[in-house]
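Let's talk through a structure together, one question at a time.

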Amino acid sequence: MAVLEVQNIRKSFGELEVLQGIDFSLEKGETLAIIGSSGSGKTTLLRCLNFLETLDAGRIIVNGEQLLDAGDARKLSDAEIRRDRLHFGLVFQSFNLFPQYTALQNVMLAPTLQLKEQKDAPTDRKAALAQIETRAKALLEQVGLDEKLHYYPHQLSGGQQQRVAIARALILEPDILCFDEPTSALDPELTGEVLKVIRALAEEHMTMVIVTHEMAFARSVADQVIFMDGGVIVEQGTPEEVFGSTQQERTKQFLARYNEKA
């Protein structure tokens with residue numbers, strides 16, 4: 001069974017149809033890389049998956065459970081949206097860390113708030129918070145920041161901030177981890193440290209959807225690749241199929257531009 005099924009997703013802003021019927025599925029442990037020019041709909045697709053945008057049409061199914069059907073007249077409540085959003089983790093390109101919190105506090109924040117909201121929360125909240133802290137420290141160690149636990153965002157490099165953001169997404173144990181061009185806001189010398197963390201997650205079979213402009217990285221780490229243009233999927237397949245034996249002329253033009261830059 002697929003972990004994620006996306007069926008006929010459509011999204012418009014005014015008269016501009018940004019997503020024009022997107023379909024794909026993702027198996028557990030697979031990495032999907034989504035490539036394409038700016039304005040092709042990649043980020044909007046991620047925002048729809050994470051319930052940051054409302055679909056005009058289509059369905060999102062996770063682990064066989066239909067989370068959202070745009071044809072359903074019933075509007076999801078805020079509580080339902082928060083619940084369904086937990087299936088996904090999203091790492092933004094601009095980090096979005098809270099500047100008043102340390103790295104450790106940023107990672108602990110979401111599960112701590114969850115604990116406060118739970119009606120059936122454990123009676124020993126102190127022990128529960130200690131478990132959250134232990135998990136947060138382990139994740140920061142996993143991304144190579146065990147010596148930066150008590151540093152504030154302004155004391156960290158861009159690459160370090162992005163690794164904190166990855167740990168923050170992981171602590172809620174999402175079914176699918178999404179990245180929106182995670183290295184686009186970084187200096188070239190800091191890009192490698194973030195890609196190294198993502199590559200390690202892929203090797204551990206974390207299910208991921210990665211919007212990226214790093215073509216070599218997408219080719220080496222992904223199980224599937226989708227090329228989007230003008231709100232549609234122009235081509236999809238294995239990295240070898242998309243990068244090595246491209247069928248569509250539009251894909252060839254796009255990849256040729258990147259090869260010229262390289």
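This is a predicted model: local features need pLDDT of at least 70, side-chain atom pairs count only at pLDDT 80 or more; totals for chains, interfaces and linings use all residues.

Residues are numbered from 1 along each chain as its sequence is written, and side-chain values use heavy atoms, with hydrogens and water left out.

Reader: Are H4 and H5 parallel, antiparallel, perpendicular or oblique to each other?
Author: Helices here are DSSP runs (H or I, at least four residues; strands are E, at least two), numbered from the N terminus. The axes of H4 (residues 125-142) and H5 (residues 158-170) come within 9 Å and cross at roughly 135 degrees, using lines fitted to C-alpha atoms over the stretch in contact and angles from 0 to 180 degrees between N-to-C directions. Under 35 degrees is roughly parallel, over 145 roughly antiparallel, 65 to 115 roughly perpendicular and the rest oblique. So H4 to H5 is oblique.

Reader: How many residues in the contact of H4 with H5 are nonpolar?
Author: Contact means heavy atoms within 4.5 Å, and it involves Arg135, Leu139, Leu140 and Gln142 of H4 with Val164, Ala167 and Leu170 of H5. Ala, Val, Leu, Ile, Met, Phe, Trp, Tyr, Cys and Pro count as nonpolar, Asp, Glu, Lys and Arg as charged, the others, Gly among them, as polar. That gives 1 charged, 1 polar and, for the nonpolar group, 5.

Reader: What kind of aromatic pair do phenylalanine 98 and tyrosine 101 make?
Author: Rings of Phe, Tyr and Trp (its six-membered ring) pair if their centres lie within 6.5 Å; planes under 30 degrees apart are stacked, over 60 edge-to-face, the rest tilted. The count comes to 2 aromatic pairs. In this one the centres are 6.0 Å apart and the planes sit at 65 degrees, so phenylalanine 98 and tyrosine 101 are edge-to-face.

Reader: And which element holds phenylalanine 254?
Author: Phenylalanine 254 forms a tilted pair with phenylalanine 227, 4.9 Å centre to centre with 35 degrees between the planes. The partners are 27 residues apart, with phenylalanine 227 in strand E9 (residues 224-229) and phenylalanine 254 in helix H9.

Reader: Is lysine 42 buried or exposed?
Author: Lysine 42 belongs to helix H1, where 6 of the 8 residues are buried. Beyond four places in sequence, lysine 42 touches several residues, including Glu181 and Met228. Buried means under 20% relative accessible area, exposed over 50%, partly exposed in between (1.4 Å probe, protein chains only). At 4% relative accessibility, lysine 42 is buried.
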